[in-house]
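Here are my notes on the model you sent.

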Amino acid sequence: MTLAWRLVTRTLHLETSSPRTPKTCPSLSLSLGALWGSVTKLGLHTKPRMPPCDFTPERYQSLPYHRVLEIHKQHLSPVPTAYYPEPLLLHQGHGQWLFDHEGNRYLDFFSGIVTVSVGHCHPKVNAAAHQQLGRLWHTSTVFFHPLSHEYAEKLSALLPEPLKVIFLTNSGSEANDLAMLMARAHSKNTDIISFRGAYHGSSPYTLGLSNVGQFKMTLPSGSGCQSTMCPDVFRGPWGGSHCRDSPVQTIRKCSCAPDCCQAKDQYIEQFKDTLNTCVAKSIAGFFAEPVQGVNGVVQYPKGFLKAAFELVRERGGVCIADEVQTGFGRLGSHFWGFQTHGVLPDIVTMAKGIGNGFPMAAVVTSPEIAKSLADRVLHFNTFGGNPVACAIGSAVLEVIKEENLQENSREVGTYMLLKFAKLRDEFEIIGDVRGKGLMIGIEMVKDKMSRQPLPREEVSEIHEDCKRMGLIIGRGGVFSQTFRIAPSMCITRPDVDFAVDVFRCAVIQHMERRAQ
């Protein structure tokens, strides 16, 4: 079936545009035999129907938008991190919804860079924070307080033996910094390996592990770190139709049986080559995200991490799972991403969803590795494990369990993956749809044959159109060519229906612009 005919037969949910909600979806009117370039537009005041929300935000009464821009330019970091030509000025959040300074409502499908795990301003998490703020904010680790001990017991119960010793910190970068120190203290070696495309933080230490171009410096940083080929079964040299632990596979074909992956074997040979040529005979460790986040939700071939962990341990290294984005049930089938690979790491780092947006992180390891660190350095963290953070962390764990959010991630995430996969079949510029649970990547390409990335400016236009229609999604990939979708785990199927219709609408708008 041709693209143009599919566009005729596909029905969008449409409603009249309101002044509070951003703008438009193009129309699809075709005569028989017409080509894509002859698609004409519907009225410019239609858009996919946004699901209802029973929350009314407070009236914004703070700085006017132009003053925010002036102050940002004069006094805040000049590093260009804000999305959109006109950055959103957000005012309030509720569940999966965000509201800007003008009262416009947005469906948040990026959750503050994969951070708001149980929904914005969840009432149970709010109540725990408010109660503790009125009791005790801070002690530092030179004094005990019960909340850190209660939280440590709850968190350790969610991890397998021997991962039972917890170091509480404040951010993912800080947690990975500490994990690097642990690996070197325990192994008495220096070299640490991470994937190309990996992001493990932007501290001076972790910059060595983060292998995305814009995070690299011309000055020395992160010594003793080596990169290895990312086993990307869509963009890499090898990949096929059975590689991923996902309801959706690549469009690439292979002759592998479902339980055998030749791509995995090829990528393991590349990993062996790194071990044989780029590092010492004995190494400190290997860092891996169970699913790469910043690189665009890249999944590895099944069995790869298990084989790689064995090779690392043969060299005396420890294996570190970076669960900053994948942990706490987001992947649906398991609470931790490493469990989806059938591996047991020596160290696990976590942040982001651990505190639903509150600054909190942790490193979990075995008693043996924890002792190696304690024998070599007096590790101290002023704010790590403070009473407010631990109260919030405990509440988040309770909400995930009470509201069955891990199962919701599995069910709603699978539903969303399959719906986006239909768009991949419909549009030539959607090269890949991948992911697991509520961590999804949509990679945009010039065409499926070449798999060359869609130019950044074209991806930005689609991104902007989604925002105008009330949908916030993220960006990722080495060329910023992949849309990242990672909403709070409380989302519903109607939310997904809206998001998919908006995204489809934005792609159609883009195709119309190209055809002009």
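1. K47 counts as buried, because its relative accessibility is 1%; buried means under 20% relative accessible area, exposed over 50%, and partly exposed in between, with a 1.4 Å probe and protein chains only. K47 belongs to strand β2 (residues 46-47). Strands (E, at least two residues) and helices (H or I, at least four) are DSSP runs, numbered from the N terminus. F498 is 451 residues away along the chain, yet the C-alpha atoms of K47 and F498 are separated by 9.9 Å.

2. A word on the basis of these notes. This is a predicted model: local features need pLDDT of at least 70, side-chain atom pairs count only at pLDDT 80 or more, and totals for chains, interfaces and linings use all residues. Residues are numbered from 1 along each chain as its sequence is written, and side-chain values use heavy atoms, with hydrogens and water left out.

3. Next, the cysteines. A search of the whole structure finds zero disulfides, a disulfide being a pair of cysteine sulfur atoms within 2.5 Å. C261 is in none; its nearest cysteine sulfur belongs to C243, 3.7 Å away. C319 is in none either, and the nearest sulfur, that of C225, is 15 Å away. C261 is buried at a relative accessible area of 11%. For C319 the value is 0%, so this residue is buried as well.

4. Which residues of strand β7 (residues 192-195) lie on each side? I192 and S194 are on one side, I193 and F195 on the other, and all are buried. β7 runs parallel to strand β8 (residues 225-228), joined by four bridges; two strands pair if DSSP finds at least two bridges between them. I193 stands opposite Q226 in β8. Strand β9 (residues 285-288) also runs parallel to β7, with two bridges. There, G285 is the bridge partner of I192.

5. Strand β11 (residues 347-350) has buried residues on both sides: I347 and T349 point one way, V348 and M350 the other. Its pairing with strand β10 (residues 318-322) is parallel, over three bridges. A321 has V348 as its bridge partner. With strand β12 (residues 361-365), β11 pairs in the antiparallel sense over four bridges. T349 stands opposite V363 there.

6. Strands β4 (residues 97-100) and β5 pair in the antiparallel sense over three bridges. They form a hairpin with four residues between them, and G103 in the turn has a positive phi of about 90°. L98 has Y106 as its bridge partner. In β5 (residues 105-108), R105 and L107 point one way and Y106 and D108 the other, all buried. R105 also lies over the face of W97, 4.4 Å from the ring centre. A charge sits over a ring if NZ of Lys or CZ of Arg is within 6 Å of the ring centre and within 35 degrees of the ring normal. β5 pairs in the parallel sense with strand β15 (residues 471-472) over two bridges, and D108 has I472 as its bridge partner.

7. How many aromatic pairs does a search of the whole structure find? The search finds 15. Rings of Phe, Tyr and Trp (its six-membered ring) pair if their centres lie within 6.5 Å; planes under 30 degrees apart count as stacked, over 60 as edge-to-face and the rest as tilted. Y83 and Y84 are edge-to-face, because their planes are at 65°, with the centres 5.8 Å apart. Y84 is buried at 13%, while Y83 is partly exposed at 29%. F328 and F335 are also edge-to-face, at 5.7 Å and 65°. Both F328 and F335 are buried. Ring pairs link F195, F271, F286, Y300, F304 and F309 into a cluster.

8. Last, the packing. The largest nonpolar core has 103 residues, and M444 and F503 have the most contacts inside it. A nonpolar core is a set of buried Ala, Val, Leu, Ile, Met, Phe, Trp, Tyr and Cys residues joined through side-chain atoms within 4.5 Å. Helix α13 (residues 493-515) gives the largest share of this core, eleven residues. A second, separate core has 22 residues, among them F167, V324, I347 and A361.
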